[in-house]
Amino acid sequence: TNTLENIEETIIRDKIGVIVLDSVASVIRAEFHGGGDDSVKSSAGLSRLAATLMYLADSFRIPVIVTNQITHTAIPYQDSLHDVTPSEGQESLHATAALGLTWSHSVNIRIILEYWREDVKVLTIAKSTFTANATHPYSVKRQGIVIETDLQDLL
């Protein structure tokens, strides 16, 4: 609670306009490293952290951006962009949040930034309460993230 009060005071005093927590997985792993009961404590700690960040976002009307490490899981191959029928037994890698379902269900909007091809970066809205899932090519310029031409133009 003392830390939360300190954060609130800092937001007000310094007129903070955004909170960025880079690599939430490393924060949780540093706090709760080990096995056994640590996984239960880790899940509870993660839930508390998510609730605190949501409270700060709602109370102060500021965005909270959290990066998370990802892990890859093999799934049956599918290519919706090219409408390709997979060969039997063919698999692709699916990215999932390293912190699992507890964190996944705590997130209101999930945006994935990745390389689609070597020369094309894509931004995918993978979860949102107010817009449909979508994928857009983007670039990072002086003014910030800029959505580029339609992805279909790049095929």
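This is a predicted model: local features need pLDDT of at least 70, side-chain atom pairs count only at pLDDT 80 or more; totals for chains, interfaces and linings use all residues.
Biologist: Hi! Which residues make up the largest nonpolar core?

Modeller: Leu21, Val24, Leu46, Leu49, Ala50, Leu53, Trp103 and Val107, 8 residues in all. A nonpolar core here is a set of buried Ala, Val, Leu, Ile, Met, Phe, Trp, Tyr and Cys residues joined through side-chain atoms within 4.5 Å; buried means under 20% relative accessible area, exposed over 50%, partly exposed in between, with a 1.4 Å probe and protein chains only.

Biologist: And which helix gives the largest share of this core?

Modeller: Helix 3, residues 37-60, with 4 residues. Helices are DSSP runs of H or I with at least four residues, strands are E runs of at least two, and both are numbered from the N terminus.

Biologist: Thanks! What does tryptophan 103 touch?

Modeller: Leaving aside residues up to four places away in sequence, Trp103 touches Val24, Leu46, Ala50, Leu53, Val66 and Asn68; contact means heavy atoms within 4.5 Å.

Biologist: New topic: how many helices and strands are there?

Modeller: The protein chain has 4 helices and 8 strands, in the order α-β-α-α-β-β-β-α-β-β-β-β.

Biologist: Where is isoleucine 147, and why does it count as partly exposed?

Modeller: Ile147 lies in strand 8, and it counts as partly exposed because its relative accessibility is 44%.

Definitions and conventions:
Residues are numbered from 1 along each chain as its sequence is written. Side-chain values use heavy atoms; hydrogens and water are left out.
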